[in-house]
Amino acid sequence: MNANDGELGSAGQAFDAFIEELLTARKARQQAESQRQVLLAEMDHRGKNLLAMIQAIARRTFSRTEGEPEMRVFSGRLQAIGEANSMLRRENWQSAALEDLAKGAITPFVHPSSHRVSLSGPNLSLQSDVVLPFSMAVHELCTNAVKYGALSNETGTISMEWQIVPSPAGENLLITWQERGGPTVAIPQKRGFGSSVIEQILSSNIGGKAELVYDPQGLVCRMTLPAKKALTSKAKDEERVSVDV
């Protein structure tokens, strides 16, 4: 065996060791990812069990007669939380598509394929901290629409549009909820719990704000969120969503 054979043999052994090391590292990463997915699934399962337990306690707490309407509202809010968490889990708790969150919050309130709610805007994903507040806000708007607004009759419609707009402090995500065709809207004499939830939940953690406009032709809600805190990415102009629910 000459020197070249020895050098080639050493190089071959080193290459084989390198490949084996790569395969071992790859297997370790696959195992770690599998374990992570199991943990995420377990977190999701425990979260759902916790919400179910809270719901069961609430049923016993509320009166069966006087508290029945309140119990339905409370259950709806828990379901909105559960649905938002499930969407986050599918995206590894990082983000969720704005369109999917809106549809998930609206669908329980409308008949399938009724096309009474239109969604339109850039294809955006919301950061994990924004997912729950946004879903809860849309849930409260739907609850109000069913009780008093565009979804309280057979002809009312809702449009929900979102866009990125400039501001002195940086770009904002502006979401506009507009109802039409429902009963004539009047300014409420007292502040409702739902409106308080919408305003407070958006401002508490992410510095957003909500403006409710009681237009006689239909309620308008404008939600403004700082884009840096709300969005995971900015869509290109041609990447748009337009769908009816």
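Tutor: Let us look at the salt bridges, of which the structure holds three; the term stands for a side-chain nitrogen of Lys or Arg within 4 Å of a carboxyl oxygen of Asp or Glu. The model is predicted, so local features need pLDDT of at least 70 and side-chain atom pairs 80 or more, while totals for chains, interfaces and linings use all residues. Residues count from 1 along each chain as its sequence is written, and side-chain values use heavy atoms, without hydrogens or water.

Glu99 is buried at 17% relative accessible area, whereas Lys103, at 28%, is partly exposed (buried is under 20%, exposed over 50%, partly exposed in between, for a 1.4 Å probe and protein chains only). Seven of the nine residues of H3 are buried, so the helix is largely enclosed by the rest of the structure; among these buried residues are Leu98, Leu101 and Ile106.

A further salt bridge brings together the side chains of Arg180 and Asp215, 3.6 Å from N to O, linking distant parts of the chain, since Arg180 belongs to strand S5 and Asp215, 35 residues away, to strand S6. Both partners are partly exposed, Arg180 at 27% and Asp215 at 24%.

Strand S6 also contributes Glu211, whose partner Arg222 lies in strand S7, so that this pair ties together parts eleven residues apart in sequence. The closest N and O atoms of Glu211 and Arg222 are 3.6 Å apart, and each residue is partly exposed, Glu211 at 43% relative accessibility and Arg222 at 33%.

Key: Helix = DSSP H or I, 4+ residues; strand = E, 2+ residues; numbered from the N terminus.
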